Amino acid sequence: MVARHAMLIEDEPNIAEAIRFLLRRDGWEVTTLGDGGVAEARVREQRPDLVILDLMLPGRSGIEILEALRATPDTAGLPVMMLTAKGQGRDREAAERAGADLFMAKPFSNAEFVAAARSLIRA
Amino acid sequence: MGLNALTGSRVRERRLALGLRQADVARGAGISASYLNLIEHNRRRVAGEVLTRLARTLAVEPEALAEGSEGALAVSLRAAAGEDGGAEVERLEEFAGRFPGWAGVTAGLQRRVEGLERAVAALSDRIAHDPHLSLALHEVLSAVSSVRSTSAILAETEDIEPEWRARFHANLHDDSERLARGAEALVAYLDGSEQERAGGGVASPEEEVDGWLAARGWHLAEVEAGGDGAAAIAALSSGAARDLARAHVMQAQADVAALPLAPFRAALARLGPDPLVLAAELGGDVVQVMRRLATLPGAPEGLVICDAAGALIFRKPAEGFQPPRLGAACALWPLFAALARPMAPLEARLEMTGRGGRRFLARAWCQTRHPGGFGGVEVRAAAMLLVPEPAAGGGPRALRVGPTCRICTERDCPARRETSILSEAPGLRG
């Protein structure tokens, strides 16, 4: 079976490293990106099975990237998990409208995170 | 909201508890949404047929909405029962009748919860509108997230490769450092004291310069000695802060040139601290004299200076007086009365609202400049010097002022422009 491919767009290097480790252990292939500016192009080029998108990114916000992905038919249905921080209620509403499939609030539990990632590609 | 809350308030409370929109309830009761809005704000009496229809729409007995303590009790109990369906709502009256004490306690708790929820909403609103605070919190939250995931990996992965383990240990160390810095910055920010706030990434350029000045006791000894403070300025973290500090130093240099320290001190000893008298004796403008008074080594005076727009461009706190960091100050400050009347001295006794209630003798003055001559613009600067006075004890009547509406506890202030986040929280006062 071909490994499931997750693309992680997160500018906090230590969080990104922990997530990468967790997903790899769970059998995923993981690409990480720290900048929002190039994210959309990379997603289109690499066609991952799952996109994990931080809400606050340098270059381009997570919501803008999500909106761009939802706007074209080939990525409109791509599973997207949004990483939010507690207290970002308004941004979260905006992301919900933009079509995020699932929200993971930081700080999250590792088990929950992996289970959430799996649930998104099974669905 | 006590037991004597009005019918309209109870209608609103019940509607919000059900998560219904005004328009929907109004339609259900056969009235217009604007009429319902008036009812909910107790601007229209409601009784009879309309009350019955409203009660039906909100699934309560009309008595529960009508005046009277029992109705209010029922509303609170229903709200406490919530939507989960766990409580026997149909036996509510029996409960209230058989256990009036417990029912009262439950209703009291529910009202307290509602009060706290409003307080939380007000605080999160503050977080959303305060960019520095929200940035600092985000920083802490990010570090916490990383620590949580990384430490869980280390704790739960038994067969972790040594190089990964080393890496995660290093990350953990990294994040704990960052967390410590973030927490410190946050505490300093929320503390409102004169602690050093610079360097935490939380401070705005203004705050960083204020912290820099506070660390020097607001007295620039190097400038008095003819220096330009360049080395100290270079240590500031942002370019904007360095620019502000440079401007401050240039002004201090002008103050020193116009009012050299030794003659200034001699005149002060001879004539007393009245800025007008000192300015007449020594030359220099009154704002300059006030700045000189407030920045003498160890001076206890507070000083605020604003521009013609009322924006604070100089903020030296005093014990018991903390000028606001964000937004506009209390509109009752004599500073603003002086701003509207250039060159007219204004003196007032002030008492700060809130805990402590420190008293000050305030002297305010507005100076105008016309750097472009007759054809140019007028530049105004108003200054207010706050001289600490002994605590109240039947002294002369004082004008009660706050720092800024948001954190002022004064009730019924005719000049209030914004709801206080403190008075939003009656539940917190017990």
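1. A:R47 is placed in the loop that links α2 (39-46) to β3 (50-54) of chain A; helices (H or I, at least four residues) and strands (E, at least two) are DSSP runs, numbered from the N terminus. Although not a glycine, A:R47 has a positive phi of about 45 degrees. A:R47 counts as exposed because it has 12 C-beta neighbours inside 10 Å. A residue is buried with 20 or more other C-beta atoms within 10 Å of its own, exposed with 12 or fewer, and partly exposed in between, the C-beta atoms being placed from the backbone.

2. The model is predicted: local features need pLDDT of at least 70, side-chain atom pairs count only at pLDDT 80 or more, and totals for chains, interfaces and linings use all residues. Residues are numbered from 1 along each chain as its sequence is written, while chains are lettered from A and ligands numbered from 1 in the order in which they are written.

3. In chain B, B:W218 has a positive phi near 65 degrees and is a residue other than glycine. B:W218 belongs to the loop between α11 (205-215) and α12 (221-224) of chain B. Is B:W218 buried or exposed? With 22 C-beta neighbours inside 10 Å, B:W218 counts as buried.

4. The peptide bond between A:K106 and A:P107 is cis, its omega being near -5 degrees. A:P107 sits in the loop between β5 (102-106) and α6 (110-122) of chain A.

5. The contact between the chains involves 15 residues from chain A and 19 residues from chain B, two residues being in contact if their C-beta atoms, placed from the backbone, lie within 7 Å. On the side of chain A that touches chain B, helix α1 (residues 13-25) gives the most, with six residues. The buried residues of α1(A) include A:N14, A:I15, A:F21 and A:L22. Just after α1(A), A:G27 takes a positive phi of about 90 degrees.

6. Chain B holds an open sheet of six strands, in the order β2-β1-β5-β4-β3-β6 and with mixed pairing; two strands pair if DSSP finds at least two bridges between them. β2 (312-316) and β6 (399-401) of chain B stand at the edges with a single partner strand each, so one side of each has no neighbour in the sheet. Strand β1 (residues 302-307) of chain B is joined to β2(B) by four bridges, and the two run antiparallel. B:C306 has B:L312 as its bridge partner in β2(B).
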